[in-house]
Structure formats: structure tokens, C-alpha cells
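Here are my notes for your review. Please read them with the model open beside you.

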Amino acid sequence: MRRQAGGLTAPMTPDAGIRAERVAATIRQIPLAVAVTLVNAGLMAGLLHAVAPDPRIFAWVAATLAVAALRLGVWRAWRRASPPPAQAGRWGAAVAWTAGAAGLVWGGGAAWLWPDSEALQLFWVFVIGGMSAGAVALNHAWLPAALGFILPAGLPIVAWMAMEGHARGLVGAAMILVFLAALGLSARRSSRHFAETVGLRIDLARQTRELEAARARLAAEIAEHRATEESLRHAQKLEAVGQLAGGIAHDFNNILQAVSGGAALIHRRAGDATAVTRLAGMVADAARRGESVTRRLLAFAHRGELRAEPLDPGELLRGLREVLAATLPPALRIEVMAPPGLPPVLADRGQLETTLVNLAVNARDAMPGGGILTLSATVEEVPPGGGPAGLAAGAYVRLLVADTGTGMDAQTLARATEPFFTTKPQGRGTGLGLAMARSLAEGSGGALAIESAPGEGTRVTMRLPVAGDGMARGPPAPARAAAPDPAGGAPRAILLLVDDEPAVREVLAQELEEEGYEVAKAADGAAALALLDRGACCEVIVTDLAMPGMDGVAVIREARRRLPGLPAILLTGYAGEAAEQAMASSLAGSGAFVLLRKPVSGSRLAEQAAALLAARPAIGQLR
């Protein structure tokens, strides 16, 4: 509880609060006390007037009414004022004085109107005793008010009876005194109990306010902590983007250097067939490395699909050893331990190879002075509830990449698989390698574990599920259908190629023409549909997915409205919602459909087109 003092808010002591509650509880009982007083006064006046009429009776009734009005006035003034607790003493005095006035009216009236009849005398004593007991019940919260009524009401009768001088009067006076003393003790005990109850309530209210204030402070601290965390996350994101951009720029600058340099050399040595062949192979290899980078990024961003297929782990590690032996420093010794007869694992070959290469590169960086790189594969049976956390029971192949390098401390090990976290200098790593390894292992139904300590090297374990007979296999590669052979006199199949990138469109068109197709080119969806509206022939439509204005899915749908059942090939750099939407459309029976991911070679594209043409009856209906 609080009080106002000079316009400032100051805390109020518990005693002041208890006193304010005492006075308020007593004032609230005034209307009931006044009503009881008036009813009893009316009954007593009527009885006295009927037995022995006396003008003094009317004067006593008038005094009773005046005191009742005074008490009601105090009650109404208190309600209107709504006084602060600091003024409780002033209002308590007013309540006590008015209660004393009411008691004096009854006690003094009894002595003034004391009848000669013993029956009426006993009735006066009975009424005043009842009124005193009622005063204790109504005013027990504020002891001065209770005593203020019972003492003035009872003592005049005690004095009058004692003044009679005979034994009967003295005994009666003593009995009344005992009754008044008992009422006083009862009022005191009730008042103390009320104070204890109010004190507990005040303490509870104070504790509740303190708890609410503590909760408010805690909520503010939590909000501030969250804001700080959000700012930190934002800063970490910016740092991660910078690291990622630096790493990707480093990789792609190397790739672009190889592509641009190779293209320039091909242009200068166009007449040297041997050099052109060698340089073209170099450019193609650089392009494949660029494809690997984009696939790694898309896989990490969950925008690529894991194309799982059964793989021989021993053959995979032995082939990887040949690649690493030609690229890693001679000071590094590579050991492969893969016993014969290992069961195949179910995983994406390209991503698994990339992941193992990344782990080998990390091992190389951890052994700048040389060391041993161990690649091993073993079979492990995980019992129900007995394997690594989150790993289902079953057979797994345990792939291990271990080095004898510097190792990692506990803090670095705890963050090793976080996206974009790297201890390498800027430009030498993106921090995606171990995050991708974990993503690949978990996405394949397995798990990744890392063990390391400073000076003791690092052991990275990938557990991949065994490809059993009942497990799903990756989609089989489509059978290669023969492309149209223009030299053999067969009619050239007509492809409509739609791509908004001129270089991509021209290169793919020339490759398809070399494969024996007749190609119609369009720079966007609107141009492609305009060709069809002018009556251009088309047997297969090949379109890019992401194009301005109209995407590839919309182009295929609009083309099939003009040529129902038209086979379609959708090219995309990633498998997103639009591609899934297109595949769902093909499943609905609108026509044959193939999704290919860029970069795609002309021979691969021609192969798919031939497969679609071979599977589609009555092609001549569209010619």
C-alpha cells in the first residue's frame, strides 16, 4: 500500500495500513448499527410510554435520533472523501466519539428514565446488554469504537444500581460489571485477530506486488537478452555471408580463370586440333568443378535432392585414393582399409564423393608438415536403443576419415558442424564442409560423429545405412534412345528451345543440332507461344524454369493447351516448389515430362528428348 505526501508517492508502513483497514471496516458497519439502535429505541420508547407515560421519553428519542444522524453523517463524509490511509487516525477518533455518544444516550437514558418496576429495570439491563454485545460484534475491528459504546452504555446503570444501597442492587451492579469486562476482553481479542488477518493480507499484497515487479524486470531482461541475441545472430549472419561470399568467389574465380583462359587459347589455336581438344577438355573439367560447387551449396541449402543409389564403399574409397594421391602433397601418406565383401550403402554418389574430398582437404590443412590420412570402411550393426543418438537400429557401413594432424580443442569441436564456421583464413574456406557432411549423413538416414583433441588428430565417422533388398533405390537411368539420324534420311525431330540467356540458348541449340535435331529458339515464354500460335511445328519443348515474365512451368502448360500431350523437358538450377508443381502436373496425365538440372550437356539433353519421342505414340500428329 502507498500514500500521497506532498505530491510524491511514498511507501506506507504496515501499522498504518492495518489502522486504516480497522477504521474502514468499522465505518462500513455504521448504517447497520444505526438501524439496530433506532429499532431498539422505538421499541423501548413504546414500552415505557405504554406502562408510564413520561414527556422525558420524547426527549430521549430525540437525542437518539440526533446521535444516529451524527453517525450517518460521519459515514457519508468518509465515503465522499475516500481519505488516504494517513488520515485514518482522524477518522478513527470520529468513529470512537460518535460510538461513545450513542452508548451515553443509552446508558444515560436508562439512568434518567429508570423505572420503578423491577420488570422494566431488568428489561433495560437486557436491552443495553444486547446493544453492547452488538456493538462489540460490529465495531471489533476498531477497539476504541467498541469500548466507546459499551462503557458509556453500561457504567451509568452500574452506578445507579449501586447507589440504591441494598444488596440486590449491589449484586446486580457487580454482575453487569463482569459482563462489561467480558465484552471488553472479547472486543480486544477480536480486534487483535482482525489486525493479524489484515497484516497477513497486506504482506501478501506487498509480496504479490514485489513478485509482479520482479516478473516485469525479468520480462524486460528477457526482452533485452533476446534483442541482444537477435543482434548477435544478425551480425553472425553478416559474417557468415561474408565468409561464404569470399569462399565462393575464390572457387569461382579459379573456375572462371580456367574457362576464360581456355576459351582464349582455343580462339588463338583454332587450327591446332590437338590443342583445341586438350583445351576443351580443360574447360569442360572447370565447368564440372563449377557444377560441383553449386551442387554443394544447393545441398546445404536443402534445395537439391539426394539421389540415393547403392554404392560399393570399398570401390568408392579406392577410387578416391587415386584422386587424392595425385592432388595431396607427397608428405601425406594415404591409407585405405576396406575389406572385401562390404555391403553397398544407400547414398548420393556425387555428394558423398564431394564430402569425402572435403574431409580429406580438411585433414591436409591439419597436417601442414605431413602425416597419415586413413580412409576406412567397416560394417556395424546398431541394436535397438544402443546406437548413437537418433540412429535407428539396423546395419550400417561405418566410413572413417582420420588424420594425425593438430586436432581441435573442445570449443572448436563443439562448433565444427555449424554452418559457415571455419578456422581457416578468409578466402580459404566457407565453413560448409562439415555442415554438409552432417546434412548428407542425416539426410541419407545415417549419422555423423567427430572425435578430436589438440595434438591427437581428428576422426570423422559417417554411418550410412546398408542398401538392403527392401530399401528404396534411386531412379534408374533412362535407357538411351537413338536420336534422329539426318544422314540416314529420317526426318529431323523439331525441338522448341526456350531460354532467356542468349549464350546458353545458342550453345544448347548448336549441340542439339549436332545431335540431329531441328531447333526453334525463343528468348522467353511469350516468344515461344507466339511461334506456336503462328503454326510452328514442335515435337518436344525444352524450357528453362526461371525466366522473367513467364516461368518454365507456365510455358509448358500454355504450350500443352495448344498442343495437348506435348512432351516437355524442364531445365533448372535447383529443384524447388515450381519444379515439384510441374512434376505433379505431369503425374496428372497432361503429358510426358522430364526435369533436368543445369548444367546439362547437349548429348544428355538429346538423349532425354529421344526417350520422350520414343515413348510417345503418333508423333506425326503434331507435325
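This is a predicted model: local features need pLDDT of at least 70, side-chain atom pairs count only at pLDDT 80 or more; totals for chains, interfaces and linings use all residues.

1. Start with the rule for charge pairs. A salt bridge here is a side-chain nitrogen of Lys or Arg within 4 Å of a carboxyl oxygen of Asp or Glu. The idea behind the rule is that side chains of opposite charge can pair when their charged atoms come close. With that rule, Asp-533, Glu-558, Arg-561 and Arg-562 are linked in a network of salt bridges.

2. Residues are numbered from 1 along each chain as its sequence is written, and side-chain values use heavy atoms, leaving out hydrogens and water.

3. How many salt bridges does the whole structure hold? The search finds nine. One of them joins Glu-558 to Arg-562, with the closest N and O atoms 3.4 Å apart. Both residues sit in helix α15 (residues 552-562), and because they are four residues apart, about one helical turn separates them. Helices here are DSSP runs of H or I, at least four residues long, and strands are runs of E, at least two; both are numbered from the N terminus.

4. Now the exposure of that pair. Buried means under 20% relative accessible area, exposed means over 50%, and partly exposed is in between (1.4 Å probe, protein chains only). Glu-558 has 23% relative accessibility and so counts as partly exposed. Arg-562, at 32%, is partly exposed too.

5. Another salt bridge connects Glu-506 and Lys-521, whose closest N and O atoms are 3.1 Å apart. Glu-506 belongs to helix α13 (residues 502-514) and Lys-521 to strand β11 (residues 518-522), so the bridge ties together parts 15 residues apart in sequence. Glu-506 is partly exposed at 33% relative accessibility. Lys-521 is partly exposed at 38%.

6. Helix α17 (residues 602-615) carries both Arg-604 and Glu-607, three residues apart, about one turn of the helix. They form a salt bridge, and the closest N and O atoms are 3.6 Å apart. Are the two partners buried or partly exposed? Arg-604 is partly exposed at 31% relative accessibility, whereas Glu-607 counts as buried at 14%.

7. Please check two arginines. Lys and Arg count as positive, Asp and Glu as negative; His and the chain ends are not counted. Arg-71, in helix α3 (residues 56-81), is buried yet has no salt bridge. Its nearest side chain of opposite charge, Glu-21, is 18 Å away. Which residues does Arg-71 touch, leaving aside neighbours within four places in sequence? They are Ile-30, Ala-33, Val-34, Thr-98, Ala-99, Ala-102 and Asn-139. Contact means heavy atoms within 4.5 Å.

8. Arg-398 is the other, found in strand β7 (residues 394-403). Arg-398 is buried and has no salt bridge, with Glu-380 as the nearest side chain of opposite charge, 4.0 Å away.

9. Aromatic pairs come next. Rings of Phe, Tyr and Trp (its six-membered ring) pair if their centres lie within 6.5 Å; planes under 30 degrees apart are stacked, over 60 edge-to-face, and the rest tilted. The count is three pairs. The rings of Trp-60 and Trp-124 have centres 5.7 Å apart and planes at 75°, so this pair is edge-to-face. The pair links distant parts of the chain, 64 residues apart: Trp-60 is in helix α3 and Trp-124 in helix α5 (residues 118-139). Trp-60 is buried at 3% relative accessibility, and Trp-124 is buried at 0%.

10. Trp-124 pairs again, with Trp-106. Their ring centres are 6.3 Å apart and their planes at 70°, so this pair is also edge-to-face. Trp-106 lies in helix α4 (residues 88-112), 18 residues from Trp-124. Trp-106 is buried, as is Trp-124. Together, Trp-60, Trp-106 and Trp-124 form one aromatic cluster.

11. Last, the cysteines. A disulfide is a covalent bond between the sulfur atoms of two cysteines. The cut-off used is a pair of cysteine sulfur atoms within 2.5 Å. By this rule there are zero disulfides. Cys-537 is in none; the nearest cysteine sulfur, that of Cys-538, is 8.8 Å away. Cys-537 is partly exposed at 35% relative accessibility, while Cys-538 is buried at 1%.
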